[in-house]
Every structure is written in structure tokens, then in C-alpha cells.
Amino acid sequence: MNAPTLTRVSAGGAAMTTPWSAVTTADLHEYARRDANAWIKRLRLVPYGAQTMRERFTYQGDSLWWFTELYLHKARLLETALVTVFALDAVRAQDGSARLVLTDADAVTAAAARAWGAARGVAVDTPGAAPLSAALAHRRREARAVGWSAYTARWGRRRVRPAPAARAAFVHTAFWREQDTYVGPVLDAVRARGGADALRLVGVGPRRTFAGGGGAAGAAAPVTPIEAMTPVSALRGSLSLWRERDALADAVTHGDAIRDAARVHDVDLWPVLDYALRATALVQWTWSAKAIDEMGAAIDALQCGTVVTYAEAGGVGRALVLAARRRNVRSIGLQHGFIYRHWLNYQHEPDEFEPRGDDQGYPVPDQTLLFDGYAAEHLRTAGHFPPHTLTVTGSPRLDLLAAKLLVVTPTEASAVRDAVGAVRPEQKLVVLAAKFSEIRDDLPALVDALREEPDIHLVIKAHPAERADVYTPLVDGVYNITVAAADLDLAALLGAADLIVTKNSTVAYDGLALGIPALVIGLPNNLSPLVDAGVMAGTADCGPGTADSGPRTADRGLRTADCLRLSLRAVLYDQQVRDRLRDATVAFVAAHGLVATGTAAARAADVIVDLKSQGMNR
């Protein structure tokens, strides 16, 4: 598919074409993400007769709202619509175009652009865009697959009748095969304290694995697929809801109130909201009801008193907590990576914790075990989590990294420098830790910056979820950039590093406790608060026209490269800059308890094993 373009046509007929990506800046995405979250949250209060959306649409007494907001947030349909509105408003303010032509846009962007044109009185054409009806047809096919998967996932599978266990951990099968470094040590510690029968592992989700590797303990324990212990007969309720999916899609999009809720920033975005809500009812609600049934059947089969998950705020985790709550079984969520500030999964209003009818409120785990006070503060303030449900136990992965770094000798660090690309003694070693899917647009400017800095060597540490070779076309021929092998030990690499460059990676966050400075590119992003606090360095203050904001043009790309080059040199060579970062980091680490204690896994295991005696069951 061709990349979308925007053509501005003046009253006199003069036309200028620009890539759509040059118009939809990082700042606009930031604003849209914030406004989309607020828009989604308002929908729970939309009345359907005498009931709100949260009250009207339920499954066996539990509100389907908890899954509605997740789908709307993850699908980013409303966010895409708002980006379009903001971008076209900015274009109109610049030149007052008489007509706009948005070519080859996706269905949601095109629909939002047409709605914007109708609201602002500007002619907007969207050639090459597929209609929303085609996108909805695809969602209907997905919805059919949800129901059929209840049968196909069990065809030819031997029924397993597991021995009862006091606790069950629900893990994503594909992730667990990678030996998760956050959760593996915790569950190993539970087994060490309670014995082999103290814990059962239940696998959920697809079996596909990532190309990379993880590296912690935990994979030796057997994982029983949830389908093997939950017969189709346990899914009668969810299959009944699945058969009513079209009627539910009609019901959730019916009424003047929900129709009025589509008007945002004086633009009627009903075509987008109608599509988003129908897709939610067809796909998310049917899947969620099935997940609740499966989780409940697994809990019943295991006769467990406590369930553990590291996806407590997502669809799987919410289904698990709801199923556990119905059975008065205790639930524990384990923090699994840095909690991004815009994740709607963790943003709740006080009223969402209050009962409404049969719904008992947001399915918050009895305990959420967190890495540090920074995460706890975010959940208390942005999420309004009850303080007694939050416990800081530390980060097992940070403990592992810190322990490994302690034994990295200068000789070993030198060997790592040789292994990753013959890094010369006088060169500074910079590690790029990021997902390629997130950093793709920012990488060319970083590569250009490194071309002019022969005394800096960049090592790209591919994310475990991605293949290292995706970077090759962008860095080929640049002698001071190396793509590290997937099996290269992260701790050994950090032990030789002078700086971490990232966009949203948790590696940079762990680096704060390890004393390794970080430079954040592609601002604004989820690490912006840490840059604003001076804890991490950023590139947003390099002067007008050079920061990571404003239209992406070829000229701007060069200025961004210069900005990155200056930022790299400042963090690596300017002692005043390094001192400021160090002092801010020391204060941050102390304020939030971001430290490696070596006891995080054991502390988490203590909470999991002792939860019943703490009287936290509902």
C-alpha cells in the first residue's frame, strides 16, 4: 500500500503535496493520545435509557465496560481520528487551503478527514481509502473465529485433569517459553518455599514464540494449556453471548446519547465511533466472555485459593480477576515492565471502583506487586488504586542485572567491546535499547548523527520480540554501528556501556539504578516525565526547529541529526551535564526506592504464599 499523502489546493488552484507523516507530528500524537483516553473514559457514563453503558452491558453480572475501554484504547481508532482532526486544523491554520486531498489513507483516517471537512466547511477528498464497511466486515470475520476457536482449540487435545494446587499462575504460553526475567524468578521462589505442588502454571494465548531469547529461570515447570482443562461445556454462557453479538453491536450503537458522544472538538466523528463500538461488541466482548468462562473453569479444576498473573490490567488479567472474584479466590498481579503513562489499562476514576448493580467495580487484584515507589505513585494518582492493594516488592530483573554487573571485570568489559564490533579503547560505547517498531522513524537521524562521530560506537541490542536483521538496511555501511547478536548477554553489554539511548525501553529505566545515564529520543514519549525531571537526557531543548517536534521534512531530518549528535556529545563528554544527570538520578532513585536489593523475588513470593493469612480475600 502506498504511503498516505496530503495535497493542499489553494483558492487559485495551486497544489502542494506532503507526506501525511510530515503533518501528523509527535506532538499531535501526544495530544491525541491524551484526548482519546479522556473520550474513551467518558463513554462509560453515556446513558442507555435509565442505565449507563457500564450498567447496561454486562456478562453474568460483570460489566463489559472493563473490556470495552481496553479495546478502544488498544485499537487506537479514536486516537487516529483525533490525530486527523488536529493535523487538519493545523494545516488549515497555516495556509487556509480551499480544498484538501488525502490520498491512500486508512479507513478511519479517511472517515475522520471527511467528518472534519464537513464540520469546518472545507472540501476534503479521500481517494484510495477503503470504506469503514470493509473494515467492519473484517471484524465480523474475526468475531466468527472467536466462537469457532472454542471448538477448534480443543479438537484432538487430550483432556487434562490437573492435581489441585494452592496457587495457579496464568502465563502467556509464547512469552513463557522465552523464560521471562520479571516473573520467572518470582514463581521459582514460590515453588522453593512451598514445594513443587505449591504452584501450577496455566498457559493462555497462542503458542508462537519470539525470535530472540529471554534468560531467567522458570521454563522448567510444566505449563498446562487452559484449553486442556476447560471443556466446551464450560463455555455455554459465552457462546450464548457470541451468538447474540450482532444484536449487541446494534444495541451499543443505538440512541441519541451515544450518538451525541461522537462530537469531539466540534467534529461529528460518529462514523468512527460507530465502527469502533461495533467492533468492540463483535470481537472484544465475545472474546472476553469466553476468557472469563475459561479462567473460571481452570480455577475450579485446580481448586486453587490464589491466582497470579503478570497481565492483570489487560484483557486476560481482567478476565482472570473477575473469575477469581466470583469464587472468592484471591488474585495477585505482578508488574511486568515499565508502566507507560498513557496506558489506559492503569487509569481509572474513583467511581469505577464502586459497585453498580451486580457489577462490583473495576476488577482490581487483591494485591499488585510493584517494582518501586514511582510505579505505586502512578497507580495511586492516575489509577486511584486503593493503597492497601499496592505493595512494593522490587524488580527481579533489576536484581539479576545488578548481580551480573557486579562480577563484570574490566577484562570482561573489554572482551565485550571486542565482541560487538572491535570497539576501540578511545571510543565511547553507546547501547541502543528499543523496539524497532517504535524507533523506526527516529533511527535514520540517529544513524546520520553517528556518521559524524567516529569516537562513538553504537551497539543496537535488538528487542527479544524482534529479529536483529530488521536494522541491517538502515545501518549497513556505517562502521561505528553494530547490531548485537540476539544471544548477547544484556548485563555484559551494559557493563561495558557509557550510555543508553532509547525511546521507551525499560532497560533505560533499570539503568537509573545501575548508574548508567540515558538519552531519550523521539520525544514526546512515555519517558518524557523522566526527561522533564532531569533524570534522563532528552533532545527536545536543542533550539527552535531542531527538536523532535514539528513537521518531518528532509531539512528537518538533518537538523534532528545535528541535534542528536550534540546531545550525544553533551551526555558523553560534558562533565556538567553528566553531573546534573547523576545528581537528579541519585535523588530519584532514593525518593522512589529504585534499588536492587537481591530480594525482590523472595519478597514477592512471601506475599503470594502468605496472602490468605493477611486477610485480603474478598
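I began at histidine 265, which counts as partly exposed because its relative accessibility is 38% (buried means under 20% relative accessible area, exposed over 50%, partly exposed in between, with a 1.4 Å probe and protein chains only). This is a predicted model, in which local features need pLDDT of at least 70 and side-chain atom pairs count only at pLDDT 80 or more, while totals for chains, interfaces and linings use all residues. I number residues from 1 along each chain as its sequence is written, and side-chain values use heavy atoms, with hydrogens and water left out.

**Backbone entries**

I noted that histidine 265 has a positive phi of about 50° although it is not a glycine, and I found it in the loop between strand 12 (263-264) and strand 13 (267-268). Helices (H or I, at least four residues) and strands (E, at least two) are DSSP runs, numbered from the N terminus. Most residues other than glycine have a negative phi, and most peptide bonds are trans. I then looked up arginine 76, also not a glycine, and read a positive phi of about 60°; arginine 76 sits in the loop between helix 4 (65-75) and helix 5 (77-95), and it counts as partly exposed because its relative accessibility is 37%. For the peptide bond from leucine 523 to proline 524 I recorded a cis form with omega near -5°, and I placed proline 524 in the loop between strand 22 (518-520) and helix 24 (528-532).

I traced an open sheet of six strands in the order 20-19-18-21-22-23, with parallel pairing (two strands pair if DSSP finds at least two bridges between them). Its edge strands are strand 20 (481-483) and strand 23 (537-538), each of which pairs on one side only. Strand 21 (residues 499-502) pairs with strand 22 in the parallel sense over three bridges, and there I found valine 501 bridged to leucine 519 of strand 22.

Valine 307 in strand 14 stands opposite alanine 168, and its bridge partner in strand 15 is serine 331.

**Helix-pair entries**

Two packed helices are described by the angle between their axes and the distance between the axes. Axes are lines fitted to C-alpha atoms, for helices over the stretch in contact, and angles run from 0 to 180 degrees between N-to-C directions; contact means heavy atoms within 4.5 Å.

I read an angle of about 55° for helix 17 (residues 396-406) and helix 23 (residues 506-514), with their axes 10 Å apart. That makes helix 17 oblique to helix 23 (angles under 35 degrees count as roughly parallel, over 145 as roughly antiparallel, 65 to 115 as roughly perpendicular and the rest as oblique). Arg397, Leu398, Leu401, Ala402 and Leu405 of helix 17 meet Thr506, Val507, Asp510, Ala513 and Leu514 of helix 23.

For helix 14 (residues 270-302) and helix 15 (residues 315-326) I noted an angle of about 50° and axes 8 Å apart. That makes helix 14 oblique to helix 15.
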